[in-house]
Every structure is written in C-alpha cells, then in structure tokens.
Amino acid sequence: MGFDESQVRAALFAWLEKESSRNAGIFTRKELETGFSVGGETIALVGPTGIWKPRQFETMPISITTVSDGPYDDSIGKDGLINYRYRGSDPHHRDNAGLRQAMLTKTPLVYFHSVRPGRYQAVCPIYIIEDHPESLSVVAEIKAAYFPDAVEETAAAVGETDLRRYVATQTRARLHQQAFRMMVLDAYGDNCTVCHIKHSELLDAAHIIPDGKPHGEPVVPNGLSLCKIHHAAFDTNILGINPDYIIHVRGDVLEEHDGPMLRHGLQELHDHKIILPRHKSDWPDRERLEMRHEEFRRAR
Ligand SMILES: [Zn+2]
C-alpha cells in the first residue's frame, strides 16, 4: 500500500485508545519509542525531540511531548488549550515549520504528557490552532472527539467555548485519575494491599476519603492499592481497614457459609494486617483511615 499519513494517524488514535484500556492510560517511554505497527511499518511515537516526526513522515510531526514537573502539572489550561513551546528560537526550524503546517492543514496530532520520568499519558486528537512566532510557541486545542459519548449531548446544549471548557475539565480529570492510580500502584509495588495479588490489570487506586469530600485529595496517603473485589468490598463497607492497618470484615459476612472466594477472599483476611508501601511517606494516613473506619463501623 502507499504510505498515507492520515491513515496512519487514524490508526494510531485507535491504537492509543485500545492500549489505554490495557495500561490505564500510562505509556512507558520504551513503548512509545518502539511505537506501533501499521501497514507493515513500525512508527516510532516519540523520539529525541519534543516535536516528533517519524522517519516515514514527510514534514509534519506525529506527536508533541511535554516533560512536566509532576503528576498534576497543568500544562492543559482551564480553557482547554495547551501552550507549547517551539524547538529552539528559530521559527523556521523544520520542527516548528512542521507544527505550522499541521495548523494550516488541520492535521490531528497526539500530545504526550509526561507524569514521571519515562511515563506518559496520551491526549488525542489535538489540533494546533494558533501560531505565535513572537513568543516562540503554538497553541493546541484538545478535540471534543476525545469524549465521544459525553460530547454529543453537551455540544447540543452549549456553545463552542463551553464545550472546549467542558472537554478541558474532563481531560484534566481523566489525566489526574490516571496519574493518581499510577502513583498509588507504584507505592504498593503493584500489589493489592489486602490480598497481595499482583496483576495490575486487576488493581485500582481506591480513595480512603472519597474524591470531592474534605481530605479526599488524590494523594498517595489518601490512596490504597486494591484489587477490584477488595476495592468494591471497601467502598461498600464489607471490608474495613482500621487506623492500625488491620483488616476487618463485616460481622454478617464473617458468619456466612459459601465457597472458597468468600472464605479465602474475605473471611480469612479478618484481623490481618495490610501490606504497607516501602516508603513511610506513602503509608495510608491514619487520620483518614480513622474517619473512614468510623463509617465502616456504623455500617455493621
Ligand atoms: Zn485484593
């Protein structure tokens, strides 16, 4: 087949979406350098430069990459726009010219946002909508297509500025969620703190105090790495964790008679201690556990 850049871009967006459901939206540098295969070609998705053009592409980049200062660095503004700096100070450098061409041809790109050294989140498609040679930067917009389900009804109800703001809020929320999950799972070495299962596909970062409540911040001491079952059990007060890190199983559930899942997966964990992160600064906050355990006790 002939090499069609727009087909490659479309295939890439589909690939990123599929992979994101496998890796919870966090890509390693190595994965992105290795890239993805389409039509017998392997396309590298990042490279030594922030504005990255794979060798198979003619002039325009496929992605732009930001190195951030931390997991919640907001390089995406509240207005939904991304300010991106040129490479160097020459507006005519081929990388900067490539961005300009992407703007003029309305070509979709991917934005890779680095949350930690070597770990990236993908936002796509984005479009370059403004070029500012005077400040050596461009402005990119996140396309609404990033949230296909939600966007249709919202678009009908609001104007374009509101829609852009909505997309920004949703994108930031999603990125923060992914970053929180990554930090919590890292802290616990990809173990469920209750049952030790090590399959990260089965693990969630649970909030001790729910998101949006006072003390419900997305910080590691408000997080627990829990497998799907234990996350649901924790959220529904079947299982609690006291401020001394001891697991409690609700009384009526302890009395039940059923198969091995109930026995090994819940009842036998009663009175056992959770596994704690290696670094004490990552340990679950005792005050938050106390507040949350109060609710568990009332649920009995
Ligand atoms: Zn578990």
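Two residues are in contact if their C-beta atoms, placed from the backbone, lie within 7 Å. Helices (H or I, at least four residues) and strands (E, at least two) are DSSP runs, numbered from the N terminus. Keep both handy for what follows.

A word on the source: this is a predicted model, where local features need pLDDT of at least 70, side-chain atom pairs count only at pLDDT 80 or more, and totals for chains, interfaces and linings use all residues. Residues are numbered from 1 along each chain as its sequence is written.

**Exercise 1. Work out which face of helix 3 is buried and what that face packs against.**

Step 1: grab the burial rule. A residue is buried if 20 or more other C-beta atoms lie within 10 Å of its own, exposed if 12 or fewer, and partly exposed in between, with C-beta atoms placed from the backbone.

Step 2: apply the rule to residues 94-104, which make up helix 3, and you get N96, G98, L99 and A102 as buried. Looking down the axis of helix 3, these fall within an arc of 155°, so they line one face of the helix. (The arc is that of the directions from the helix axis to the C-beta atoms.)

Step 3: find the partners. The buried residues of helix 3 pack against strand 4 (51-52), strand 7 (109-116), strand 8 (119-132) and strand 9 (137-142).

Step 4: check what comes after. K106 follows helix 3 and has a positive phi, near 50°.

**Exercise 2. Do the same for helix 1, and check its length.**

Step 1: start with the span. The expected value is 1.5 Å times one less than the number of residues. For the 19 residues of helix 1 (residues 5-23) that should be 27 Å, and the end C-alpha atoms are 26 Å apart, which agrees.

Step 2: sort the residues. R9, L12 and L16 are buried in helix 1. They fall within an arc of 55° seen down the axis, so they line one face of the helix. A14, K18, S21 and R22 sit exposed on the other side of helix 1.

Step 3: find the partners. Strand 2 (36-38), strand 7 and strand 8 are what the buried residues of helix 1 pack against. Next comes A24, with a positive phi near 55°.

**Exercise 3. Find the residues that touch the most other members of the largest nonpolar core, and say where the core draws from.**

Step 1: define the core as a set of buried Ala, Val, Leu, Ile, Met, Phe, Trp, Tyr and Cys residues joined through C-beta atoms within 7 Å.

Step 2: read off the residues. Among the 63 residues in this core, V110, Y111, V184 and L226 touch the most other members. Helix 5 (residues 160-187) gives the largest share, 10 residues. At least three residues come from each of domain 1 (5-160) and domain 2 (184-299), with bounds from an automatic or database domain assignment.

Step 3: zoom in on Y111. Not counting residues up to four places away in sequence, Y111 touches I64, I82, V123, C124, I126 and A140.
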